Amino acid sequence: MAESSNQRLEALFKEIGARDPGNELLAGIYRRHGVDGDAAALVMEIRKDGSSTLKWPITGPVDYDEVVDDVAARLKVPAEAREGRGEEEVELLVLSQVVRRYLEDLPDAERAELIRDIEPTLRGEHLDQARYFLKGGSVALLSLVQAMGMQALRQLLLRVVAGMTAGTAASLAASRLAALLVPGINALMALWLVTDIAGPAYRKTVPTVINIAALRLLLDAEARA
């Protein structure tokens, strides 16, 4: 499974690059890791940068799923929430943790405005959990995942990130959703990088995992459009 996480990541980069060659989130990952357009080389550099946070001396770079788990642990995603999950779900938990921190730190007026924009798009059996999350509630991440499920959580995060940039309904209907997600993702990363991330390797791997989670959100949204 660990080695296959590298292959899945390379396939993601190639798919995004083919669909949207100017994608700013993907371009940012290439720049951050010093690679120019080679998906396989980019995956290797991400693994190397993640390995330095894990203090590997001899064994070679860790696989991508280990990089994601290391980032999740650094951002205090509980081990019990990560247990038994593949790298794509752990990425989503990382993004959930970052979004929750963002919502908690928003001034009350800004949070209320964001909620007014997003709430009309919420529906289904998980409405109460979604509203609590949006209000900056400190519900345990594991409890939230157990209550909502990963797919419902994925849709909620997409609405939050889109809503940080423009009206959510307009954002989710836009053909250039990728461009609309960039400012929101950058705001989320800035929150963590300024206050919580120590060490040059984490300053690469944390934003990269957040970017990759956003790219997967984008593909999911496009598949449902």
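This is a predicted model: local features need pLDDT of at least 70, side-chain atom pairs count only at pLDDT 80 or more; totals for chains, interfaces and linings use all residues.
Me: Why is H33 called buried?
Reply: Buried means under 20% relative accessible area. The relative accessibility of H33 is 4%, so H33 counts as buried. This residue lies in the loop between α2 (24-32) and α3 (39-53).

Me: What makes the pair of H33 and D49 a polar contact?
Reply: The cut-off for a pair of N or O atoms is 3.5 Å. The side chains of H33 and D49 are joined at 2.6 Å, and the side chain of H33 also makes a polar contact of 2.6 Å with the side chain of T208. Both D49 and T208 are among the residues that H33 touches, a list also including L42 and K204.

Me: Why is the pair of F13 and Y30 called tilted?
Reply: Ring centres must lie within 6.5 Å to pair, and planes under 30 degrees apart count as stacked, over 60 as edge-to-face and the rest as tilted. By this rule there is one aromatic pair. The ring centres of F13 and Y30 are 6.5 Å apart and the planes stand at 45°, so the pair is tilted. It links distant parts of the chain, with F13 in helix α1 (residues 2-19) and Y30 in helix α2, 17 residues apart.

Me: How do you know whether F13 and Y30 are buried or exposed?
Reply: The limit for buried is under 20% relative accessible area. F13 has a relative accessibility of 1% and therefore counts as buried. Y30, with a relative accessible area of 11%, is buried as well.

Notes:
Residues are numbered from 1 along each chain as its sequence is written. Side-chain values use heavy atoms; hydrogens and water are left out. Helices (H or I, at least four residues) and strands (E, at least two) are DSSP runs, numbered from the N terminus. Buried means under 20% relative accessible area, exposed over 50%, partly exposed in between (1.4 Å probe, protein chains only). A polar contact is a pair of N or O atoms within 3.5 Å; within protein, one must be able to donate a hydrogen and the other to accept it, and residues adjacent in sequence count only if both atoms are side-chain atoms. Contact means heavy atoms within 4.5 Å. Rings of Phe, Tyr and Trp (its six-membered ring) pair if their centres lie within 6.5 Å; planes under 30 degrees apart count as stacked, over 60 as edge-to-face and the rest as tilted. Lists of a residue's contacts leave out its neighbours within four places in sequence.
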